[in-house]
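Please look over the sequence and the model first, then read the points below.

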Amino acid sequence: MGKLLDSIDSPQDLKVLSLEELNRLADEIRQLLIRFCRRHGGHLGSNLATIEPIIALHYVFDMPHDHLIFDVSHQAYTHKILTSRRRAYTDPESQEDLSGFTSPKESPYDDFMLGHTGTSIGLACGMAAQRDATGGRANIIAFIGDGSLSSGPAFEGMDWAAEQGGNLIIVVNDNEMSIAENHGGLYKSLAALRASGGRSSDNPFRALGLDYRYVEEGNRIEDLIEAFRQVKDTDHPVVVHIHTRKGLGLGQGSQGQIGPASMDGGIGGKARMTPLPDLPAEGPVEANHWQDGLDSLDRLPNSRKTYGRMAMQALEARFPQEPGLTVISPATPLSNGIDPDFRQRAGNHYRDVGIAESHAIAYAAGIAKAGGTPVVATSATFFQRAYDQIEQEMALNGSAVTLLVFSTGVAKTDATHSGTADMVMMRGIPGLTCLAPTSGAEFLDMLAWATGPARQPVVIRVPGERTLATERAGKPIAPVKSDSTTAGQPWDRYRILQQGRTVALLALGDALPLGRDLADSLKASLGLKPTLVDPHRYDRLDEQTLDALASTHSLVATLEDGQLDGGWGQAVAAYYGPSRVRTLAFGAAKEFKDRVPQAALLERYGMTVPAMTRAISDALADQASWI
C-alpha cells in the first residue's frame, strides 16, 4: 500500500494535499477496497463509485462540524477510511472491528446507524431544522444514490426539503444502477439529464422546487471540488447530481488486468489506468454490488440462492399456463437466487420494482385483486419496511399474495440486517398464514399450495443454512405428504417425527435440525427418548396436538430460530399456562446484535445442544423434587 494513505488520519489531512495527491489517494483507496472486499467480503461496486466524491466532500466541507448523512451507508467505506478507521481495511487483525455501515458507536463523523434506504434526506431535513432553530451554521449533506432515490421515503424527504428551505445539500450519486438494474420512471428522467448535461426540462428535482447542479464526471475530483464549493454554505436546498461509474476499477484491461481509473495532476488532466496485477477479472456489475470474501472455506451456494433458484424453477414451469403468475423483487434478486437468465426468460412474469418494498406489497395486492398470483421475494430485514402494506393492503384485504422471506434466523450480521424479528412481526398480523418448511421439498410443496388453491395471504420462511446442511449431508427430513392442490390448510396439524415420552421437543422450521440433535443428546446423556415435533407453521397453534402432548408429557420445549419475546414459543408456553406441563422456550433475545458470531449468539441464548440438554435435565430434576 502507498505511503500517502498511511498519512491520512482524519479529513483535516486531506486539506493540505495537492490535486495530484488527491488523485493518488483515490488510486490507493481503490486498490485497497478491491483487495479488501475480495478477501474479506463487502459492498464493492457501490463503494468503488464513491471514492472521488467522498474525498471531495471531505476536502471541501468541515466534518464533523458539517454533517454528512449517507443513505443505506453501503457507499461509506471511503468515508470510514478517511475518518480514522483505515486500519480496519489494512490490518487483517482489525477487520472484524467495523460495521459494514455507518455507526455513531464507531466515530463522531457518523450521525446514524443506517442499513436501509431512502431515509437520508428526511434525516438531513430534521438535522437542518434543529440547526436553524438554534442558530447553527453547519452544512447538512445527504448522500443518496445506488438506486435509493426510488425509495418512497426519499420522495417524501425531497418534497419536504423544498418546503422547509434553508441550507440542505442533496448529493445524488447516479451510477446508473441499483443493486441490479434501475427500474422506474424517475431513472428515465435521470438518463435525460445525463444526456443533456443536466439541461433537460425533464428535471424531477426542479419540479419539486429544488435548486440543481449537474456534474458529468462524477469520478473526477477537480470537477467535484468545484461543484461542492459552489453549494457550500448555501441558503436554500440544492441537489448536486453526480454521474459516477459503479464498480469503477473493475474493468477488463487489454491483458485481462483490473485497474482503477483516476486523474493525473492539474485541472484538465487525462485519465490513467493503474494496473493491479494478480487480481482476477470480475463479472457483471450486479455481482459486484456485494462480494463474498475469498477466504471463506465454504464456497458452496448458500441457502438463499439454493432455495431461491428451486422456487424460481418451479414457478417458471407454470408461466406458459398462468399469465398472472408474477415474481416481484424489490431490488435484491441475485442474492435470493433470482438469476439474470431467469429474469430474461420470465419476461412479464418478473418485476423488479427497485428499492421500494412498501410499493412491492401494494403492487402485489393489486395484482391479486385483479386475479393474478403474485410472489414477493426479499430478505426478512427488508420486509420490515413494508409492515403497513402487509398489515393493510395484504392481510386486511385478504389479498392472495405469497411472501418468500429470505435471510432469517440467528446469524452474524450487521445490526441493520438481522433476520430474527420476522416471525414476531408476521405472526402478530391477523389473516396471515405463516409457514416454516423444514426441507426443500416441503418448501416447494408449500409454495405450490400458496400460489395455487390457497387464494389467501401466505408467508413462507425460506429454509436456512441448517436445513441446507442437513440436506447436503444426506439426512433430510422427509416432507409431509400433503395435498397442495386442495384449498384447505394442509399444515394445520403438527407432525410427530419421533414418538417418545416425558419430554416433547417442538422445533420450528430451520430449528428442526437442532431439535433432532437435541433429541439425540437427551437419549445419550439421560437415557430419555423425547418426542420430536415439526410444527410447520407459526401464526397459530395446533391446540389438539398440544393437548395430546400434555396428557403424556411432563415437559414441552420449543425451539425457534428467531426472537423469543413475542414469538411462537412464548405462545405455546402461554397456552399451557399454569398447567402441570412445564414449558421451556429456546430462542433469540430481543436485542440489536451487531456482527456477533453465530456461535457466540447461540451460547448467549442458551441454544447450544449442551446448554439445552442441561436446561431440560435441570427442569426434570426440579419437577422430581416437587413430586
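Of the 627 residues in the protein chain, 59% are buried. The model is a predicted one. The protein chain contains 24 helices and 20 strands. When contacts between residues at least 6 apart in sequence are taken, 76% of them join residues at least 24 apart.

**The six-stranded sheet**

- Six strands form an open sheet in the order β11-β10-β12-β13-β15-β14, and their pairing is parallel.
- The edges are held by β11 (350-352) and β14 (433-435); each has a single partner strand, so one side of each has no neighbour in the sheet.
- From one strand to the next, the twist of this sheet averages 20 degrees.
- Helix α14 (residues 357-369) packs on the sheet and touches β10 (325-329), β11, β12 (373-379) and β13. The direction of α14 makes about 165 degrees with that of β12.
- Four bridges join strand β13 (residues 402-406) to strand β15 (residues 458-461), and the two pair in the parallel sense.
- Within β15, Ile460 is the residue that Leu404 stands opposite.

**The five-stranded sheet**

- Another open sheet has five strands, ordered β2-β3-β4-β6-β5, with parallel pairing.
- β2 (67-70) and β5 (211-215) are the edge strands, and each of them pairs on one side only.
- The average twist here, taken from one strand to the next, is 20 degrees.
- Helix α9 (residues 185-195) packs on this sheet, where it touches β4 (168-174), β5 and β6. Between the direction of α9 and that of β6 the angle is about 75 degrees.
- β5 pairs with strand β6 (residues 237-243) in the parallel sense, over five bridges.
- Asp211 has Val238 of β6 opposite.

**Strand β4 within that sheet**

- Seven of the seven residues of β4 are buried, so the strand is largely enclosed by the rest of the structure.
- Both faces of β4 are covered. Leu168, Ile170, Val172 and Asp174 are buried on one side, and Ile169, Val171 and Asn173 are buried on the other.

**Helix α19**

- Arg466, Thr467, Leu468 and Thr470 are buried in helix α19 (residues 465-472).
- The cover over the buried residues of α19 includes α12 (303-316), α20 (512-526), β19 (553-563) and α23 (598-604).
- Gly474 follows α19 and has a positive phi, near 80 degrees.

**Thr117, a residue in a loop**

- Thr117 lies in the loop between α6 (87-90) and α7 (120-133).
- The relative accessible area of Thr117 is 6%; the residue counts as buried because this value is under the 20% cut-off.
- Apart from neighbours within four places in sequence, Thr117 is in contact with Asp71, Val72, Ser148, Ser151, Ile355 and Arg385.

**Cavities**

- Five cavities of 30 Å³ or more are found in the structure.
- The largest cavity holds about 50 Å³ of space.
- Its lining consists of Leu68, Ile69, Phe70, His79, Thr102, Tyr109, Asp110, Asp111, Phe112 and Leu114.
- Strand β2 supplies the largest share of this lining, with three residues.
- Sorted by class, the lining of the largest cavity has six nonpolar, two polar and two charged residues.

**The second largest pocket**

- The second largest pocket contains about 400 Å³ of space.
- This pocket is lined by 18 residues, of which Gln384, Ala415, Thr416, Ser418 and Phe592 are the closest to its centre.
- Nine residues of the lining of the second largest pocket are polar, six are nonpolar and three are charged.

Terms used. Residues are numbered from 1 along each chain as its sequence is written. This is a predicted model: local features need pLDDT of at least 70, side-chain atom pairs count only at pLDDT 80 or more; totals for chains, interfaces and linings use all residues. Side-chain values use heavy atoms; hydrogens and water are left out. On a 1 Å grid over the protein atoms alone, a cavity is a set of points where a 1.4 Å probe fits but cannot get out, and a pocket is an open set with protein on both sides within 12 Å along at least five of seven lines; lining residues have an atom within 4 Å of a point. Grid points are joined across faces, edges and corners, and a volume is the space filled by probe spheres set on the points. Ala, Val, Leu, Ile, Met, Phe, Trp, Tyr, Cys and Pro count as nonpolar, Asp, Glu, Lys and Arg as charged, and the others, Gly among them, as polar. Two strands pair if DSSP finds at least two bridges between them. Axes are lines fitted to C-alpha atoms, for helices over the stretch in contact, and angles run from 0 to 180 degrees between N-to-C directions. Contact means heavy atoms within 4.5 Å. Buried means under 20% relative accessible area, exposed over 50%, partly exposed in between (1.4 Å probe, protein chains only).
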